[in-house]
Amino acid sequence: MSQSLIAPIDKEIKLADFDPNYKGGYKRKRDVEGKLRKIINKIIELQELLYSENNNALLLVLQAMDAGGKDGTIKHVMGAVNPQGCDVKNFKVPSAEETAHDFLWRYHMAAPRKGKIVIFNRSYYEDVLVVRVHNLVPKSVWGKRYQHINDFEQMLVENGTTILKFYLHISKDEQKKRFEDRLNRADKHWKFSDADLREREYWDQYMEAFETVLNKCNTKIAPWHIVPANNKWYRDLVIGKTVVTALEKLKMKYPEPERDFSDIEIKD
Ligand code: AMP
Ligand code: MG
């Protein structure tokens, strides 16, 4: 089984080849807790730089099946980042106004400006996932969206946005466990909806739709990261590391002072 975390560009991707249980040689959460803390501190530091330099933007795209860990990733990997510099945008069923526009409109409006990080909890990929699985628009419409998405992402990248796309890969068994957990814990009941069970019946169709996305929208400028996500702590480690690497690549620097401050004296 392949454990590659970045989807290969030149090979057809089959999700069955990726093990959702993969733990990168670690055994348990305790093995990575220290590492994860360091990674989070580094993200905090790099976000401060991104904000002050005001030159680049970072877009994180999170996609997964229900209970795949999108909310948990945001909380545990990005939760400590200065809220001034980071927005989270959750995309639900489009409103009447959103539906009256082209499908990318609402996402483009929410994309990060320079200096900012934006996290998409679900994204324009829903328009070729749930929309495809349930035929919410005809194939002649959703079929053209893969190219629209590639063009949109290219435009954002050329405008100074780094795009990190994560598919949180869980197994059908793991989803069952997580739903059971939501049913068994009063403090998690709010997370459960009957719709989750209905969607679970379409598991295979979703896997097919995800596979198409991972093959058609896997570009050099915005590749997919297939994250083994049955173990939450390994998922957080992988995503955290990927964010750090991407931000470090930007080689950011704090802006130069407007002038030489050495002659400034602050009076009592
Ligand atoms: P949740 O993220 O669990 O709060 O649920 C959001 C719901 O909105 C999910 O059931 C998604 O399938 C649905 N959704 C998100 N984007 C779209 C879209 N573009 N078209 C239709 N349904 C969507
Ligand atoms: Mg949900």
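## An aromatic cluster

In this predicted model, Phe91, Tyr107, Phe120, Tyr124, Tyr125, Phe152 and Trp224 form one aromatic cluster. A search of the whole structure finds 13 aromatic pairs, where rings of Phe, Tyr and Trp (its six-membered ring) pair if their centres lie within 6.5 Å, and where planes under 30 degrees apart count as stacked, over 60 as edge-to-face and the rest as tilted. One of these pairs joins tyrosine 107 and tyrosine 124, edge-to-face, at 5.7 Å centre to centre and with 80° between the planes. Tyrosine 107 lies in helix α4 and tyrosine 124 in the loop between β3 (117-121) and α5, so the pair ties together parts that are 17 residues apart in sequence; helices (H or I, at least four residues) and strands (E, at least two) are DSSP runs, numbered from the N terminus.

Tyrosine 124 also pairs with phenylalanine 120: the ring centres are 6.4 Å apart and the planes stand at 80°, so this pair is edge-to-face. Tyrosine 107 and tyrosine 124 are both buried, and phenylalanine 120 is buried together with tyrosine 124, where buried means under 20% relative accessible area, exposed over 50% and partly exposed in between (1.4 Å probe, protein chains only).

## Charges over rings

Two further rings have a charge sitting over them, which requires NZ of Lys or CZ of Arg to be within 6 Å of the ring centre and within 35 degrees of the ring normal. The charged end of arginine 145 sits over the ring of phenylalanine 103, 4.5 Å from its centre, and the charged end of lysine 216 sits over the ring of tyrosine 146, 5.4 Å from its centre.

A backbone N or O atom of valine 93 lies 3.3 Å from an oxygen atom of ligand 1, a polar side-chain atom of arginine 106 lies 3.2 Å from a nitrogen atom of the ligand, and a polar side-chain atom of arginine 122 lies 2.6 Å from an oxygen atom of the ligand. Taken alone, ligand 1 exposes 500 Å², and the protein buries 74% of that, with accessible areas coming from the Shrake-Rupley method with a 1.4 Å probe, although for residues only the protein chains shown count as cover.

## Side-chain contacts

Glutamate 126, found in the loop between β3 and α5, counts as buried at 11% relative accessibility. A polar contact of 3.0 Å joins its side chain to that of arginine 122; such a contact is a pair of N or O atoms within 3.5 Å, and within protein one must be able to donate a hydrogen and the other to accept it, while residues adjacent in sequence count only if both atoms are side-chain atoms.

Asparagine 90, in strand β2 (residues 86-90), is partly exposed, with a relative accessible area of 41%. The side chain of asparagine 90 makes a polar contact of 2.7 Å with the side chain of asparagine 121.

## Notes on the model

Residues are numbered from 1 along each chain as its sequence is written, and chains are lettered from A and ligands numbered from 1 in the order in which they are written. In this predicted model local features need pLDDT of at least 70 and side-chain atom pairs count only at pLDDT 80 or more, while totals for chains, interfaces and linings use all residues, and side-chain values use heavy atoms, with hydrogens and water left out.
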